[in-house]
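This briefing walks through one protein model, topic by topic. Keep the structure open while reading.

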Amino acid sequence: MNHQHPYHLVNQSPWPITASLGALIVTLGLVLWFHGLGFSAVLLGLISLFFVTLSWWRDVIRESTFQGNHTYAVGVGLRYGMVLFITSEVLFFFAFFWAFFHSSLAPTAELGVCWPPTGVSPINPFLVPLLNTAVLLSSGVTVTWSHHSIIEKSWGEAVQSLFLTAILGFYFTALQAWEYFDSSFTISDGVYGSTFFVATGFHGLHVIIGTTFLLVCFFRLVSYHFSNSHHFGFEAAAWYWHFVDVVWLFLYISIYWWGS
């Protein structure tokens, strides 16, 4: 690190280009898979992305924890970056809500001039979706508990509450998979199926990513990588998890409850 300034000039890294190639392989593999040409390319891309993720996370952890590159100025920049990233995610989901309300507020004759469309049996919002709402809201409480425990230097409580948060994330994913399996409609059932599964499916993907983020923070917490004044890695994961919570509340109220 150049000691003439507090900023971190990142060294040359192979991970951005290898991550891009892995994502390209996954995309091309999915297109080939849709045409019945095998799943091997998708598997190869996912495996490469998995190892790139491990290596890239390892490097960032090394820079922040052992090399001391994450100074106060760098931390401010990271916080701005995370805020901008979450803002972009808000706009990402805004597009899905726009598509849903565009179709549901003025259903066409092809849909039976009603919402849900004629012939579609929506999921009961007071069964699994309501349980999933309770699970995610509880996980928001536990991750906040963990954050305050880190600040108060209660490492035992921080580890326990963060582990509980990850368990609740896994439980949410399992419940949503069961809901999809038990659904009476599919993504190909018109605009209702498309908007439902794309919006809730991408949210489910974000839950999986957030759970992975929290698990990395859990292993870092067990390894004493965080202090009460230097734990932005955990804060970023907590912000992301709260964003996932809020998006689910909007999904539940609009698509599950109002849309049913």
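Is the crossing of α5 and α7 left-handed or right-handed? The crossing of α5 and α7 is left-handed. The model is a predicted one. It holds 7 helices and 0 strands.

**Overall build**

- Read along the sequence, the pattern is α-α-α-α-α-α-α.
- The C-alpha atoms fill a box of roughly 70 × 45 × 30 Å, taken along the principal axes.
- The protein has 260 residues, and 40% of them count as buried.

**Packing of α5 with α7**

- For α5 and α7, the angle is about 30 degrees and the axes lie 13 Å apart.
- α5 is therefore roughly parallel to α7, since angles under 35 degrees count as roughly parallel.

**Packing of α5 with α6**

- Helix α5 spans residues 155-182, and helix α6 spans residues 190-222.
- The two pack at an angle of about 155 degrees, with their axes 9 Å apart.
- That makes α5 roughly antiparallel to α6, because an angle over 145 degrees falls in that class.
- The crossing of α5 with α6 is left-handed.
- Which kinds of residue make up the contact of α5 with α6? The contact divides into 19 nonpolar, 9 polar and 1 charged.

- Side chains of opposite charge can pair when their charged atoms come close.
- How many salt bridges does a search of the whole structure find? The search finds 3.
- One of them joins D59 and R58, at 2.9 Å from N to O.
- Another joins D59 and R62, at 3.2 Å from N to O.
- D59 and R62 both sit in helix α2, residues 40-66. They are 3 residues apart, so about one helical turn separates them.
- The general rule behind this is that an α-helix has 3.6 residues a turn, so residues three or four places apart point the same way.
- D59 counts as buried because its relative accessibility is 15%, and the limit for buried is under 20%.
- R58 counts as partly exposed, at 42% relative accessibility.
- R62 also counts as partly exposed, at 34%.

**Salt bridge between E235 and R79**

- The side chains of E235 and R79 meet in a salt bridge of 2.6 Å, N to O.
- This pair links distant parts of the chain, 156 residues apart. E235 lies in helix α7, residues 232-258, and R79 lies in helix α3, residues 72-104.
- E235 counts as buried, at 13% relative accessibility.
- R79 is partly exposed, with a relative accessible area of 33%.
- Back at D59, salt bridges that share partners join R58, D59 and R62 into one network.

**Helix α4 and the residue after it**

- Helix α4 covers residues 128-151 and has 24 residues.
- From its first C-alpha to its last, α4 reaches 35 Å. That is close to the 34 Å expected at 1.5 Å a residue.

- G77 lies in helix α3. Its relative accessibility is 39%, so G77 counts as partly exposed.
- How far apart in space are G77 and G204? Their C-alpha atoms are 29 Å apart, and the two residues are 127 apart in sequence.
- Q4 is found in the segment before α1, which runs over residues 15-34.
- Is Q4 buried or exposed? Q4 is exposed, because its relative accessible area is 72% and the cut-off for exposed is over 50%.
- Q4 and F93 are 89 residues apart in sequence. In space, C-alpha to C-alpha, Q4 and F93 are 42 Å apart.

Notes:
Residues are numbered from 1 along each chain as its sequence is written. This is a predicted model: local features need pLDDT of at least 70, side-chain atom pairs count only at pLDDT 80 or more; totals for chains, interfaces and linings use all residues. Side-chain values use heavy atoms; hydrogens and water are left out. A salt bridge is a side-chain nitrogen of Lys or Arg within 4 Å of a carboxyl oxygen of Asp or Glu. Buried means under 20% relative accessible area, exposed over 50%, partly exposed in between (1.4 Å probe, protein chains only). Helices (H or I, at least four residues) and strands (E, at least two) are DSSP runs, numbered from the N terminus. Axes are lines fitted to C-alpha atoms, for helices over the stretch in contact, and angles run from 0 to 180 degrees between N-to-C directions. Angles under 35 degrees count as roughly parallel, over 145 as roughly antiparallel, 65 to 115 as roughly perpendicular and the rest as oblique. A crossing is left-handed if the near helix is turned anticlockwise from the far one by less than a right angle, and right-handed if clockwise. Ala, Val, Leu, Ile, Met, Phe, Trp, Tyr, Cys and Pro count as nonpolar, Asp, Glu, Lys and Arg as charged, and the others, Gly among them, as polar. The expected span of a helix is 1.5 Å times one less than its number of residues.
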